[in-house]
Amino acid sequence: MNAFEWVAPKTTEQVSEAARAQGAVLKAGGVDLLDRLKNNLEAPSRVVSLQALKGLGGIAGDAKAGLELGALVTLAQLAGDARVRAAAPKLAEACWHVATPQVRNMATLGGNLAQRTHCWYFRSEHDVCRRKGGSTCFAQRGDNEHHALFGNGVCASVHASTVAPMLLALEAVLTVENGKSSRQLRLEDFFVPPEKDLSRENVLQPGDVITRVRVPPSRAKTGYLKQTAKESFDWPLAVAAVAVELDGATCKRAAVVLGAAAPVPLRARAAEAALVGKPFGPDSIREAAKAAVQGASPLSGNGYRVPVFEVVVRRALEQALEAKS
Amino acid sequence: MAGPSLQHPSSTPPNPTEVAQLEEPLTPLHQPLLHESGLKHTSGEARYVDDLPSPPGMALCLVLTSPHAHARITRRDAAKARAVPGVHAILFAEDVPGLNDVGPVIHDEPLFAVNEVQFMGQSVGVVVAESYDACRAAAKLVEVDYEPLPAITTIDQAIAQGSWLSDPHVMKRGDVDAELWKSEVKLSGEVRTGGQEHFYLETQSTLALPEEDGSVRLLCSTQHPSEVQAIVAHVLHVGRHLITVEVPRMGGGFGGKETQAAPFAAMAALAALKLKRPVKIWLNRDQDMAQTGKRHPFMTRYEAGFARSGELKALKLELFSDGGFSTDLSRAILDRAMFHSDNAYYVPALMFTGRVCKTHLPSNTAFRGFGGPQGMAVIEAIMSRAAEVLGLDPAELRAKNFYDDAPRNVTPYFMEVKHDRMPRLWKELLASSDYLARKSAIESFNASHPHARRGLAITPVKFGISFTTSFLNQAGALVVMYADGTVQLNHGGTEMGQGLHTKMMAICAHELGIPPASVRAMTTATDKVPNTSATAASSGSDLNGAAVKVACETLRARLQPVAARLLGVPSESAGDILFAGGKVFLRTRPELALPFGKVTQEAYLSQVPMSATGFYKTPDISYDKSTGRGKPFHYFAYGAAVSEVELSGLTGEHRVRRVDILHDVGASLVPTIDRGQVEGGFIQGVGWLTCEEVLFDAKGYLLTHSPDTYKIPAFGDAPLDFRVQLLEDAAQPDVIHGSKAVGEPPLMLALSVVAALRHAVTAFGRPGAHVDLKMPCTPEALLNAIEAVRSV
Ligand SMILES: Cc1cc2nc3c(=O)[nH]c(=O)nc-3n(C[C@H](O)[C@H](O)[C@H](O)COP(=O)(O)OP(=O)(O)OC[C@H]3O[C@@H](n4cnc5c(N)ncnc54)[C@H](O)[C@@H]3O)c2cc1C
């Protein structure tokens, strides 16, 4: 790790200003950032802490009004909060399934969404992969059992967040501030696939700070599943987050989102199409699960996860089917 | 003579049962005890090397490592780096006054690379500076030019290129080819087991303190203080008397600090002497994982001949281990793998050949089981496969092949199997685990469940106890009594959380008949007990315990005449004076007891020496590698486990539902400690076999260099229902207080989980389908195996 300047401004405006400088990075809980620094992936000249900001640590709202979540709320708080558990039980569950209690006590919502991929080649200072300005994606021909099944032609990393798929299914909207300006950004428009721009995983520009995450009120039935190799904490083999709105017994709107499947949290459009307009039940669920893995382009070592995804999507939809609402 | 007059006591030796009755409630031995540091571990008060207060002027180290798996060094220049403020020294091979080598057995491991680097992470030099910041700033400015060379990073490449670290080791009996040819059923294949990171909680660390006259005191986290002392002495080119190594305690070792603490200790010692200031070296997790060796991966080719009845007739094995770049302990580890390729089974005709491969990876080293697990994994895979192919119950097939009466009682290395506990243990465990009823319940579950299958398996463990390098089987102790009746206990073993000190204190307290609270186990130090062997090979209690006993016996014999005088007993009856419950008394007159402290006080006043050493060597063991014959072990430790798993055919996930273990620790010295060893060993084995995967990329870079990608089991992965029993009424003759070694054997009980997973996998296909289940049994491996049996 290099020596850097440390600042902890008290207002978002000052944060933006401090973070616009060349070589500055934001730090929330620091779980991801410190790993990157210690692994010599980057050497910022200035670290701008968000922890002195007031007002980004709150949870507000309810099932009726939707939830208003501060970007500095920790995953532990989200997992344990009664309002979140009532209004978005599967979001609480998704947060609970991240890592260990120690990590959840430090990790923030904003940091979770903006964290970098855990591709082991990306994380190795010895491998200058495409994302780091090199010309090779080592995972495409190397050890790739945890890598992307979809959209892996340029870079085979998977997005690290397992919370984002649930927030996407719930159509969350971010508030991003930069100095005096503030904008609303659908989470769906937040992630950037490698075909578009290899140098980034999201749209944040220097000085941009996620301040809030809004989860609109929803009548959707939801399901969430994170499949891991071990019973205790682990990174996922497959994640599925679903939200299904019904009109009587018919599916009116469906969101099926896959995590650990692609360089960005991935909406499985074909699966959604298989649900919408049909009675929501075992048949359409089976079809949707099949459709979810259509078009997968497995690499040499990760094909075993294609059927796993199918099952995980099916089970998440079955959870939604059984959910009260 | 002063004191009460007594009748003449009988001079026959005490009747053992009588003594046992007397001692029963009065001794800590064979009783549940808290780990001597358990509460301190939990509260954080226990101090490890890196927790010790920094002495004034202490400098820190950063190892300069190779970024290539294999390369020639063409240029080294540290001039710019030396100018960084706060930097005290940057040391390379040319700064070593003695031998630039840290190989424990064979000198093929340079402390600092000279012309060539042979793995990514190999030390080229060390930066010594005031702070880690200064270390890192300087490290960036050190210029080393490399000319990359082709690297060997797998066993297969090493075999293809004939890259070896040993000659073949051969064991044979009978005409194996003829017997194979005659066998009714012949199986052949390949079994691979992977590496395993030790993942001790405390990483490698040493604090070196220069003292007067060119001597150095090292506080070191090592399982082998005497070897650290010897290596540091030859690196520094001084006599061993100038080097003292002390081990306060370790936060785990598991074999990873048997030989591999020495290089880092040597760097700290070298720097401390050069700079004449204290120097500490400590690796962070990523550095530790990348720079040190792991469990040896093995690839074994087999041909096995069976009768249709399930009887094993002939076995031919070719074992290849990945030694990494240097020999380290690889040869002995390969030997032990071969010594355990029979596990608990009699093999009539056999030929085992083993060879260590040289690769451009960190030098693999000791790891709990020391090759035994790798050897046993092969024979257990063969037994499972035979049962699948022959359609026999795997438990029956295994039992049918157990060692038995002569001539079926001779191991592949011609050692007679005595005191065989397996038949009894197997029977008791089958009954207590309700094996048969559960097996049929599982069959109906499997017939009715749409996606999940359960598996149940019982596997045995027979593990040889002793260092296979015979002369290492020796130990010493130094017991020091003070006039007030308290005792300091020094022995050659090191405490790494396994509970050795607790056992040694119990033995010492038992022998002197005093409460454990009066005994203090001292920091292990080479100036107290010299020329010790590593605390390894599960031998810590057996060897050191016997030495402690001898020392205490000497002291007791010195105290007896003193007590006799105080008690007014004729001196010829002094031998009948007993020590128990903090009291000293004549066997026949326990009511006239003296406090132990009174006797020691009197001993001091009477000018009786109050300290004694004890020494023990294991009798009657030897092995001749050139003929493959001998008696390398003092005895065998036995155990068996029944594991039940549930496996999802959809996701490849599995859960260990229930585990029943019956393990033979003889007459347990401290049952709470032994139970901890059995549970921990089993879980560590489950980690190796199911979720821990060491992966290097083609360039020799360790992809799994942190807990982010390297997955050890956590509490949540423990069996849902975990039943551990110690075999009862099982005192072992000729071992300290009838006990048996326990450190390593339970790890191999985890092979029952693999056998149970195989059972579950077979249930997805047609009977007899060939199961090809790779280890570790990750969801990936399990799904591939399921798919293969389904598609038959
Ligand atoms: C053992 C382990 C297991 C894990 N398992 C999982 C898992 O299963 N699922 C999962 O989702 N994650 C997992 N994680 C990752 C962890 O959840 C993230 O590292 C954490 O959420 C990051 O949050 P943070 O507040 O610490 O972010 P930081 O490390 O402080 O920041 C991360 C990044 O986000 C940026 N950032 C932070 N806050 C903001 C903001 N408000 N606005 C703009 N940019 C911001 C920072 O500049 C930085 O680049 C695991 C981590 C560990 C160590």
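**Where two chains and a ligand meet**

In this predicted model, 26 residues of chain B are in contact with 20 residues of chain A, two residues being in contact if their C-beta atoms, placed from the backbone, lie within 7 Å. On the side of chain B that touches chain A, helix α20 (residues 779-790) of chain B gives the most, with 4 residues. Helices (H or I, at least four residues) and strands (E, at least two) are DSSP runs, numbered from the N terminus. By class, that side of chain B holds 12 nonpolar, 6 polar and 8 charged residues. Here Ala, Val, Leu, Ile, Met, Phe, Trp, Tyr, Cys and Pro count as nonpolar, Asp, Glu, Lys and Arg as charged, and the others, Gly among them, as polar.

Residues are numbered from 1 along each chain as its sequence is written, while chains are lettered from A and ligands numbered from 1 in the order in which they are written. Local features need pLDDT of at least 70 and side-chain atom pairs count only at pLDDT 80 or more, whereas totals for chains, interfaces and linings use all residues.

The ligand lies between chains A and B. A residue counts as near the ligand if its C-beta atom, placed from the backbone, lies within 6 Å of it. Of the 31 residues around the ligand, A:Gly29, A:Ala107, A:Gly110, A:Gly111 and A:Ala114 come nearest. Helix α7(A) provides the largest share of this shell, 4 residues. The shell comprises 19 nonpolar, 9 polar and 3 charged residues.

Strand β2 (residues 71-77) of chain B is joined to β6(B) by 6 bridges, and B:Arg75 stands opposite B:Asp145 in β6(B).

Helix α4 (residues 132-141) of chain B has B:Ala134, B:Cys135, B:Ala137, B:Ala138 and B:Ala139 buried (20 or more other C-beta atoms within 10 Å of the residue's own, with C-beta atoms placed from the backbone). These buried residues pack against β1 (59-65), α3 (79-82), β3 (87-91) and β5 (123-129) of chain B.

How far can the model be trusted? The pLDDT, the predictor's confidence in each residue from 0 to 100, averages 95 in chain B, where 97% of the residues score at least 70. Over residues 1-25 of chain B, however, pLDDT stays under 50. The model scores ipTM 0.77 and pTM 0.89.

Notes
Two strands pair if DSSP finds at least two bridges between them. A residue is buried if 20 or more other C-beta atoms lie within 10 Å of its own, exposed if 12 or fewer, and partly exposed in between; C-beta atoms are placed from the backbone.
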